[in-house]
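Biologist: Hi! Could you walk me through this one? I'd like to start with the ligand site.

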Amino acid sequence: MPESSHTPPASVTPGQWSFTRWKTIGQLEALEVHHPVFSATVFLQGAHLTHFALNDDTNWLWLSDTARFEPGRAIRGGIPVCWPWFGDPARNPPEIRKRVHTPSAHGFARTALWRLEDVRESAHEVEISLSLNANEDFEGQWDGHALALITFSFSVRGCQIALTTTNLSKDPLALSQALHTYLPTSDISRTRLLGLGHSQYMDTLKDWDYFEQEGPVYFDGETDRIYESAEPLTLVTPAGKRKLTSVGSDSTVVWNPGPEKALRLSDFPGTGWQKMVCVETANAATDYRVLNEGQSHTLGVVIGRG
Ligand SMILES: O=P(O)(O)OC[C@H]1O[C@H](O)[C@H](O)[C@@H](O)[C@@H]1O
């Protein structure tokens with residue numbers, strides 16, 4: 001594992017923070033933000049956001065009741081960062097597959113310790129940046145050298161996440177990735193996702209064949225699809241609407257495990273599938289990206305009120 005610091009750099013000593021503080025949750029270090037208008041929790045492991053809420057509201061993100069906060073274990077819920085590959089390595093294009101030396105899904109970023117780069121606070125906004133230097137420390141899992149920098153911006157408008165990857169090696173770097181957002185609902189059968197009408201999708205549960213979406217996406221059991229779309233999306237649940245707007249992405253993964261897969265998932269309650277859906281801002285399937293030496297790409301999402 002790479003060396004990563006639990007202590008903030010001098011420029012961001014805790015004394016300078018008004019709204020942000022360190023907290024140990026389970027066995028992991030996190031930054032908790034308690035701003036007069038909003039609150040948020042970001043773990044150093046995985047640069048994992050598990051909580052964002054305006055102060056008159058509940059968590060905008062779904063977090064499993066049985067989530068475990070342990071080194072090397074992905075947290076179930078919130079927004080796992082899938083990087084530098086998305087999903088099963090075997091389902092990635094050859095340029096990505098040839099770099100990966102593990103069957104593990106979704107890359108190593110979600111279980112790696114990120115480094116805190118900056119905390120910026122103002123009366124209206126809190127910004128937290130973390131980085132992961134994916135160098136030879138990860139060579140057992142992956143060949144490459146890249147820097148990931150993620151910035152969370154929290155405000156009354158919602159939360160904005162920008163994940164920038166820079167290729168630090170001489171060779172072209174192919175990567176797939178996702179901001180794997182878990183969103184809550186009180187009832188998945190009364191939940192729909194708008195904005196994907198007329199787009200093509202690959203249904204991973206139907207031999208990865210292509211289909212065309214007609215109208216909203218409804219959920220009536222296991223759903224696992226990669227949509228070829230970059231349109232803004234609105235999730236409508238019995239409690240209200242949430243809007244997701246992406247940048248640097250031409251693919252969206254929509255996932256709900258349904259009742260059977262729910263029982264096989266780690267840290268996932270048996271009935272949890274009725275209360276969540278993942279809408280993942282991605283560079284997945286044919287939307288993978290190739291970066292030349294020194295080149296950067298930013299994948300981002302803004303999550304706001306509908
Ligand atoms: O259990 P995990 O490795 O966190 O993966 C959870 C899910 O992530 C994605 O959404 C994939 O499309 C699913 O096939 C997978 O089951």
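Modeller: Happy to! The shell around the ligand has six nonpolar, two polar and two charged residues. Here Ala, Val, Leu, Ile, Met, Phe, Trp, Tyr, Cys and Pro count as nonpolar, Asp, Glu, Lys and Arg as charged, and the others, Gly among them, as polar. This is a predicted model: local features need pLDDT of at least 70, side-chain atom pairs count only at pLDDT 80 or more, and totals for chains, interfaces and linings use all residues. Residues are numbered from 1 along each chain as its sequence is written.

Biologist: Which residues surround the ligand?

Modeller: Ala 74, Gly 87, Ala 105, His 106, Asp 224, Val 253, Trp 255, Leu 265, Cys 278 and Glu 280. A residue is near the molecule if its C-beta atom, placed from the backbone, lies within 6 Å of it.

Biologist: And which strands each supply at least two of the shell residues?

Modeller: β19 (251–256) and β20 (276–283). Strands are DSSP runs (E, at least two residues), numbered from the N terminus.

Biologist: Switching topic: what is the order of the open four-stranded sheet?

Modeller: β1-β2-β3-β4, with antiparallel pairing; two strands pair if DSSP finds at least two bridges between them. β1 (20–25) and β4 (48–54) are at the edges with a single partner strand each, so one side of each has no neighbour in the sheet.

Biologist: How many bridges link β3 and β4?

Modeller: Six, between antiparallel strands, with β3 covering residues 38–43. Thr 41 sits opposite His 51 in β4.

Biologist: What do β6 and β7 form?

Modeller: A hairpin, with three residues between the two strands. Arg 115 faces Ser 131 in β7.
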